[in-house]
Amino acid sequence: MPTNVTAEYLAAEEEYRNAKTIAEKIKALEKMYATVPKHKGTEKLRLQIKRRLAELRKELEKQQAQRKGGGYSFSVKKEGAAQIVLAGLPNVGKSSLLRRLTGVDTDVADYPFTTVEPIPGMMKHNDVQIQLVEVPGLVEGASLGKGMGTQLLAVIRNADAIAIVIDLSQDPIRQMEIILKEFERAGIKINKRRPRIEIKKMPYGGIVINGQENIKGDIEEVMKMLREEKIHSAEITVKEPVTLEEFADALDESLVWRRAIIIANKGDAPGSRENYEKLVREYGNRFKIVPVSAKKGINIDAVKDALYELAGIIRVFTKSPGEEPAYPPIALRKGATVLDVAKRIHKDFAKKFKYARVWGKSVKFPGQRVGADHVLEDGDIVEIHAR
């Protein structure tokens, strides 16, 4: 135990020792992590707290799954080019927003919990269909099982991206604090990416670490983490500088990494301008924030543009030799290659692929001949040639 911890930390530690339930232990550990001084001397302590939090989160998931048994659960089948959830506290206007964006018929009322289960709808924008899913309002403690929170958070974890809906008629900072805490507890990392660490498990050979110089911490702690995860034989490649905590995140398979934006709704309400400015000051460097009034239909096109960008997709048009490009385009994830297009057209095109000609931003000149691994950009036209 470091001797220079704060009184707040010691109080949280006492709270942890007296905790009776997993939820109480999680809350106490979060306080400990938030109050422990951040310097070289407390690095191992912070890592230990983080690892214990991850263990407790897994225990809580198992406990809740056993309680639920064959009970009610939510599931939304993915459709379209991407699935984006609309998440927020109760009564922030998610239903009105979903109706404006997709035309789906939803119950809209000025009281909480009008929506009691996830509602999907399809938004067509830039020739692409994107699935939006309205999730019932999250409440404080949702990740600990309150208000069917674990089922709702499972839907959010499964989505491709998240649109956080904030009510500008209420305190926006408090709303964000609640939502981000519930996401963190549920193992949802927002607007961060997984550390670039590749772990290739092997049947024998022990632990081999490539790029060990990139690990900013005690290598013995790394070996301890690997043993705790029952990884005894693997080739590990660390491709960028990482802290011990970031290494722990890369090992934690329960974590998901999701992109998110903020849709600041009720922009026509009294006090909304001041609340919007607060939101931008506090979160504008981490999130794209789009102000809107779903009720009055103000700035809806800007929201559609932001959701399209959030989806992380590109449109690729295909054509046959001597013909015009086919419509509609194929929607693919950013970073997609010519081979991905060939697979989408027909599996035989991928098997018998010879070369392709491409027109668009990804090539130096129109009709450039490229190979299967050529990375495409939005709006490209692709002509596949097979053997």
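Student: What makes you say that helix H11 lies across a set of strands, and which strands are they?

Tutor: In this predicted model, H11 (residues 338-345) lies across S13, S14, S15, S16 and S17. Contact here means heavy atoms within 4.5 Å. Against S14, the helix runs at about 135°.

Student: What is the order of the strands in that open sheet?

Tutor: The five strands come in the order S14-S13-S17-S15-S16, and the pairing is mixed. From one strand to the next, the twist averages 40°.

Student: Why do S14 and S16 stand at the edges?

Tutor: Strand S14 (330-333) and strand S16 (368-370) each have a single partner strand, so one side of each has no neighbour in the sheet.

Student: How do you know that S15 and S17 pair?

Tutor: Two strands pair if DSSP finds at least two bridges between them. S15 (residues 353-359) and S17 (residues 381-386) have six, in the antiparallel sense. Val358, for instance, stands opposite Val382 in S17.

Student: What about S9, which strands does S9 pair with, and in what sense?

Tutor: S9 pairs with S6 (residues 197-201) in the antiparallel sense over five bridges, and with S7 (residues 207-210) in the parallel sense over four.

Student: Which residues of S9 make up the covered face, and which the uncovered one?

Tutor: Ala234, Ile236 and Val238 form the covered face, while Glu235 and Thr237 form the uncovered one.

Student: Why is H7 called roughly parallel to H8?

Tutor: The axes of H7 (residues 219-228) and H8 (residues 244-251) cross at roughly 20° and come within 11 Å. Angles under 35 degrees count as roughly parallel, and that makes H7 roughly parallel to H8. The crossing is right-handed. Side by side, Glu221, Val222, Met225 and Leu226 in H7 meet Leu244, Phe247, Ala248 and Leu251 in H8.

Student: Which residues touch the most other members of the largest nonpolar core?

Tutor: That core has 64 residues, and the ones touching the most other members are Ile156, Ile162, Ile164, Phe183, Phe287 and Leu307. Helix H10 (residues 300-311) gives the most to this core, with seven residues. A second, separate core has 17 residues, including Ile231, Val238, Phe247 and Ala250.

Student: What does Phe183 touch?

Tutor: Leaving out residues up to four places away in sequence, Phe183 touches Ala87, Leu138, Leu153, Ile156, Ile162, Ile164, Ile188 and Ile190.

Student: What kind of peptide bond joins Tyr327 and Pro328?

Tutor: A cis one, with omega about 5°. Pro328 is in the loop between S13 and S14.

Conventions
Residues are numbered from 1 along each chain as its sequence is written. This is a predicted model: local features need pLDDT of at least 70, side-chain atom pairs count only at pLDDT 80 or more; totals for chains, interfaces and linings use all residues. Side-chain values use heavy atoms; hydrogens and water are left out. A nonpolar core is a set of buried Ala, Val, Leu, Ile, Met, Phe, Trp, Tyr and Cys residues joined through side-chain atoms within 4.5 Å. Buried means under 20% relative accessible area, exposed over 50%, partly exposed in between (1.4 Å probe, protein chains only). Helices (H or I, at least four residues) and strands (E, at least two) are DSSP runs, numbered from the N terminus. Axes are lines fitted to C-alpha atoms, for helices over the stretch in contact, and angles run from 0 to 180 degrees between N-to-C directions. Angles under 35 degrees count as roughly parallel, over 145 as roughly antiparallel, 65 to 115 as roughly perpendicular and the rest as oblique. A crossing is left-handed if the near helix is turned anticlockwise from the far one by less than a right angle, and right-handed if clockwise.
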